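Hello,

Here is the structure we talked about. Please open it alongside this note; my findings follow below.

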Amino acid sequence: MKKPNELRVRAHGKINLYLDVVGKRNDGYHNLETVFHSIALHDEVILREKSETGIKILCDYPDVPLDSNNLAYRAAQSLSDFVGGFSGLEIKINKRIPVAAGLAGGSANAAAVLVGVNTIFSLGLSDEMLMTIGAKLGADVPFCIQGGAAFGKGIGDILTPLPDLSDIPIVLINPGIAISTSNIFRNLNITLTKPSNESIIIRTCVEKGDIIGVGKNLYNLLEIPVFAKHAILSELKTRLSTQTGCYGALMSGSGASIFSLMENTVTAKQCESLFKTSVSFCTTTHTYGLGVCIDN
């Protein structure tokens with residue numbers, strides 16, 4: 001079969017149902033315990049072979065870098081270096097996931113490029129190898145390749161798969177606040193962390209498909225330093241959590257996105273309508289079982 005010269009790949013975002021920082025590493029990073037879940041909200045990444053050598057990035061969102069500062073670019077370059085080079089590549093990114101929002105948009109794009117380039121150039125690399133390469137690009141990239149639900153340790157790259165929470169409606173809001181993840185971690189008070197066995201509770205709820213239990217045990221340590229600087233996020237979380245049909249609300253990653261797990265799509269849409277005009281981004285989505293999907 002002739003290999004395709006164009007590939008469309010869906011790069012799905014993620015939320016963190018649980019996020020604790022359990023220690024600082026010698027390399028300057030932090031050890032985490034987190035529960036990831038993919039969401040239906042995704043970017044579209046279109047890969048095209050080019051006769052000219054080199055990697056070219058196109059994007060419909062002006063704030064996305066079009067050079068080696070883009071994780072998708074670095075993903076393609078890393079694969080090229082790993083296999084000893086391949087012909088030219090154009091990467092077009094249609095953004096739907098808010099940028100720098102705690103939803104792993106950049107990592108999802110990198111994951112889509114790793115999976116897509118492996119396919120379009122018939123490299124024959126396993127998902128495990130792609131995840132190993134991805135971990136060097138960003139802590140969320142391995143999960144974005146694996147997708148679904150998972151418990152993460154290390155910097156979030158040591159993954160244990162969990163059963164998916166199937167099609168749980170989610171209201172997702174982002175007020176457009178820029179938050180520096182590195183600054184948040186740099187100033188983090190590790191003594192505020194919870195006992196590590198707390199993660200077992202929400203993992204058990206996920207394994208049982210107990211969405212009410214999941215909602216009651218949502219936790220993100222990073223809310224403490226982020227909310228201290230951005231009170232609007234705490235207010236948005238409180239408003240979301242008190243809406244009809246809400247099982248629980250939480251900030252994802254280092255923010256600034258806040259999500260709520262909803263009872264059904266009707267209550268989710270009703271909730272969305274209350275926030276739609278007051279924040280820069282608001283949508284209804286749902287939990288999803290995959291991180292990267294090839295459409296052709």
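In which helix is the place of Phe82? Phe82 sits in helix H1, which spans residues 71-83. Please keep in mind that this is a predicted model.

Phe82 has a relative accessibility of 44%. Buried would need under 20% and exposed over 50%, so Phe82 counts as partly exposed.

Next, helix H9, residues 231-241. Leu233, Leu236, Lys237 and Leu240 are buried there. Around the axis they take up an arc of only 100 degrees, so they lie on the same side of H9. Note that a lysine, Lys237, is among these buried residues. Their cover includes strand S9 (246-251) and helix H8 (223-229). S7, S10 and H10 also contribute to it.

Then helix H10, residues 265-275. Its buried residues are Thr267, Ala268, Cys271, Glu272 and Phe275. Viewed down the helix axis, they fall within an arc of 140 degrees and therefore line one face of H10. Val266 and Ser273 are exposed, on the other side of H10. The buried residues pack against three strands: S7 (169-174), S10 (258-262) and S11 (281-286). They pack against helix H9 as well.

One detail at the start of H10 deserves a look. A side-chain oxygen of Asn264 comes to within 3.2 Å of the backbone nitrogen of Val266. Val266 is also one of the exposed residues named above.

Best regards

Definitions and conventions. Residues are numbered from 1 along each chain as its sequence is written. This is a predicted model: local features need pLDDT of at least 70, side-chain atom pairs count only at pLDDT 80 or more; totals for chains, interfaces and linings use all residues. Side-chain values use heavy atoms; hydrogens and water are left out. Buried means under 20% relative accessible area, exposed over 50%, partly exposed in between (1.4 Å probe, protein chains only). Helices (H or I, at least four residues) and strands (E, at least two) are DSSP runs, numbered from the N terminus. The arc is that of the directions from the helix axis to the C-beta atoms. Contact means heavy atoms within 4.5 Å. A polar contact is a pair of N or O atoms within 3.5 Å; within protein, one must be able to donate a hydrogen and the other to accept it, and residues adjacent in sequence count only if both atoms are side-chain atoms.
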